[in-house]
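Hi there,

I'm passing on the structure we talked about, so please open it and keep it beside you while you read.

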Amino acid sequence: MEIHRVFHEVDLKDIQPLGWLRKYLEIQRDGLTGHPEASGYPFDAAWWGVEEHQAGLGKPGYQTGFWGPYEQTAYWIDGAIRCGYLLHDEALVKKAGQPIDYVMAHPDQDGYLGPQFMKHGAESSRWPHVVFFRAWMARYSATGDKAILKALTDHYLSGTRAHIQDREVCNIEPMLWTYEKTGNGKLLRHAIEAYEEYNRLCKSKDNTVEVMLSDKRGTEHGVTYNEIGKLAAIAYMYTGNQRYLDAAINGFRKLERDQVLIDGVNSSTEALKGKDPLDSHETCDISDHAWALGYLLMATGRAEYADKIERACFNALPGAVMSNFRGLQYFSCPNQVLATSTSNHNDHFKGFTWMTFRPSPATECCPGDVHRAIPDFASRMWMKDDNNGLDAVLYSPGSVTTTVGEKDQEVTVVEETDYPFSETITFTIQAKTTVDFPFSLRIPGWCQKARISINGKPTAHEPQAGTFVTIRKIFKDGDQVRLELPMELKLSHWPKGGIGVERGPLVFALKIAEDWQESSDQDPISEDWRVVPGNKRSMPPEYPAWNLYPASPWNYALALDEKNLDQEVKVVTHPAGLTPWSPENAPIELQVPARRVDGWEIERPKSLVSNFVKSYDNANYMVTEAINGNFELTPDLPAPKTLPQRLSAKTEMVTLIPYGCTHLRISVFPQCKP
Ligand SMILES: [Zn+2]
């Protein structure tokens, strides 16, 4: 079997997260990842693993015959089971694994797995199977349980679906994964036929091979763009068809050009939007964009995709989630100076609760998908290549134990670092004997002056930004490879004259004092849209919803001259500790000169026009209507033309902290003269 790719994943069982990364996963486990029922419907029912749901009957009062809850809970199953395996937490693995156990034990005679209505219903979709089976892939990676391969093979070869409609085509991801593990060529044929047929049938979609190869700007749903777009990279790996790879590369290049925000994730509300500081994304997009980029990284071996994964996971993800992992936003964005039950400034459900931090933001995809981002990141930190070399592709504290080199010898590499808050990463080799293997390190595209030393001695490598450097050597126990990645300050430029301040993989945002007020505001749709009579979103006392207000000024323009950043900005660093992702614990602060902007204030309209779902005659309709209320919205950047007259005379120093440490922020600023 020839597979066309540069990197492949190491097994989940071989990875050990350490330091802040381990702590982050523990906080997830102790928060919503370990307690999904706190998010209420549909996470309080084990959708994939309960008999009546299998039969399409449902618990009284619960929606049946709709694929949504199966997708949503499967996101959680995938994130939670990976988190459990990474932490070696048996209780979490058991909780998340129950639906897998149940469905695997109850295949149809023809091999089909899952609820009956998804087997036959013309209006239903097999998309949730993709999400669910990624959790099965994780389980195999952690346990090697061959029964998983048989069950997936039987399911996909049951002949019950062509997998060519919309996101159903994403089934080729688990299908080709199963092909690789089993060598069953029927799976390869079914997958590639489905992919080709999708490309023929859905010509107008943004993520067909042909349209991805074109220069057309994407307008598709953000999650769909990432999920289907990545298939081109996957299909390339198993066919060697260069056209597929070119399409994947160009599709994600266009996304970067047109939609990827300063925090590393494409805007999508819900369709792809632009790059304005108020353009927002669903939290789903954070997990899905990073996951999709992982396939481009494996297919091409290009360091730039690893840079992008880090950018999404170190900025957008923690910026959309509470530091205790007990609440998340549905929409989040580069500039959000408040997050309250009427502050959603995006047209989609404008004025609704969609930007608040809560355990159960509507709709229920994001409270499922949020669990995946960091466990997926940890799963893909280490990869291997065709030379049986080990590749450190994403950086964070952790270790890996695997076999390497021509002799397939076991080695453990321990990575000690506070990265992304530290510029130094130390890799220590642990081995019973000497081990000859290629060890590759990623040199991020932003790092011009990387240095490598071995056992304290600088090496002759001249690391080029945006490449991998391979150290070929006979390693012995205790050898240390030290990688230094000096992080320089940089300005980035955004629409409407906006500037952002970046340093290495981190984007910086104004530190705004946070006033958290518990809120009992329910999203209106949990009452009148969802077909769950009497089942309001649960909000147990330990998992309240919040209105979050700014308690310090935020209306600053940065008085920065791009050429003098090093003189103008003072970098203050603190030890990162294990819980760096909060405003209080931010390990890096930038002191930056700034001037207040007069009249740049929260907007408070009493009515606005919103696109939202309304129910009448027992059906749901998307409507565009004016609604009344006490709305409070983050304003757009002040117009560059009016800015000079509105600036305070005084220049003061303000504090910027990493985007991922903030819940309220300005990260795209107006720029003014010092
Ligand atoms: Zn979502």
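Two strands are said to pair if DSSP finds at least two bridges between them. Helices (H or I, at least four residues) and strands (E, at least two) are DSSP runs, numbered from the N terminus. This is a predicted model, in which local features need pLDDT of at least 70, side-chain atom pairs count only at pLDDT 80 or more, and totals for chains, interfaces and linings use all residues. Residues are numbered from 1 along each chain as its sequence is written, and side-chain values use heavy atoms, leaving out hydrogens and water.

Let's begin with the strands. β6 (residues 382-384) and β7 (residues 390-392) run antiparallel, joined by 3 bridges; Lys384 has Leu390 of β7 as its bridge partner. Both strands belong to an open sheet of 5 strands with mixed pairing, in the order β1-β6-β7-β11-β14. Its edge strands, β1 (8-9) and β14 (467-475), each pair on one side only.

Elsewhere, β26 (residues 652-658) pairs antiparallel with β18 (residues 506-510) over 3 bridges and with β23 (residues 588-596) over 5 bridges.

Now for the metal. Which protein donors hold the zinc ion? They are Glu282 (OE), Cys284 (SG), Cys365 (SG) and Cys366 (SG), at 2.0 to 2.3 Å; donors are N, O and S atoms within 2.8 Å of the metal (3.2 Å for Na, K and Ca), and water is not among the atoms, so sites may look incomplete. Along the chain, their spacing is E-x1-C-x80-C-C. Cys284 sits in helix α14 (residues 283-300) and Cys365 in the loop between β5 (335-336) and α16 (366-369), 81 residues apart.

Happy exploring!
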